[in-house]
Amino acid sequence: MTFQDIFKSSFLENMTSVSLLDMAIAIVLAFGLGMFIFQVYQKTFTGVMYSSSFGVTLVALTMITTVVILAVTSNVVLSLGMVGALSIVRFRTAIKEPLDIAFLFWSIAVGIVLAAGLIPLAVAGSVCIGLILMVFVNRKSCLNPYVLVLRCADSASEEAARACLESCVRRCVVKSKTVQAGQVELNLEIRMKGDSTDFVNTLAEMEGVHSAVLVSYNGDYLG
C-alpha cells in the first residue's frame, strides 16, 4: 500500500467501510447505555429545576458520538475533515450544575468507547460510574449542610448558645460574625446528627438569644 492508496477514496468504497451489523450493534448499544445514563441522571438530580431535555440530550449525545467515531475510524481523510469541522464549533449553553458536566463527558466517553469496539469496557465502566454517582449523590439528608442564623444579645449568650448547639449537632463552623450595639449575629454551617430540628426551638428559648433561624443549604454558592 502506497501513500496515495491511503488517501484514495470514493463514495462507493465508503459505503462498505463499516458493515451494517457493526453499525446496528453500535447504535443499539449506544441507545441502551444512553438510556442508562439518563436514568442515573434522573435518580441523582439535586438541582432546583429539572430539565427533561437535558436527559434526552444525554441519550442523543451518546448515539451521535458513536456515529461520528465510527465514521472517523473508517476513513483517514474523513477523520482529518472532521477535526477541522469540529474545531470551529462553539457551544455557549450555560451549565448551571457542576454534575451536569460529568454526565456530558460520560455520554461522550461511552460513545467513543463503543465505536472503538470496546463493548465490555463501555458496559462495565458505565455500571461502575452509575453506582458510584448514586451512592455519593443520594446520601442521607442529615449529612447535607444547613445554615443557622443566630442573633444574640451579647458575648455571654453567644457562648452559651454555641455550647448548646455543638452538643446537638455533628459539626458546627462559624462562617460569618457581625457585632453591633446590643446584638451579635452569627452565620454557622452545621451538619445535623439526624432529621430532628428541635434544637432550634431550644436555642430560641435561651436567655439572651433573640432569634434562631435554620436554612437549608445545598453546599453551592450562587454567583
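**Exercises: strands and helices**

The model is predicted, so to speak of local features takes pLDDT of at least 70 and side-chain atom pairs need 80 or more, while totals for chains, interfaces and linings use all residues. Residues are numbered from 1 along each chain as its sequence is written, and side-chain values use heavy atoms, leaving out hydrogens and water.

**Exercise 1.** Work out which strands pair with S3 (residues 183-192) and in what sense.

*Solution.* Strands are DSSP runs of E, at least two residues, and helices runs of H or I, at least four, numbered from the N terminus. Two strands pair if DSSP finds at least two bridges between them.
- Step 1: S2 (residues 169-180) runs antiparallel to S3, with ten bridges.
- Step 2: S1 (residues 145-152) is also antiparallel to S3, through eight bridges; here Val 149 faces Asn 187.
- Step 3: Check the S2-S3 hairpin: two residues lie between the strands, and Gly 182 has a positive phi near 80°.

**Exercise 2.** Describe how H3 (residues 20-44) and H6 (residues 98-115) cross.

*Solution.* 
- Step 1: Their axes (lines fitted to C-alpha atoms over the stretch in contact, angles from 0 to 180 degrees between N-to-C directions) come within 10 Å and cross at roughly 165°.
- Step 2: H3 and H6 are therefore roughly antiparallel, a label for angles over 145 degrees.
- Step 3: For contacts (heavy atoms within 4.5 Å), look at H3 residues including Leu 33, Phe 36 and Ile 37, which meet an H6 set including Phe 103, Trp 106 and Val 110.

Methods:
Parallel < 35°, antiparallel > 145°, perpendicular 65-115°, else oblique.
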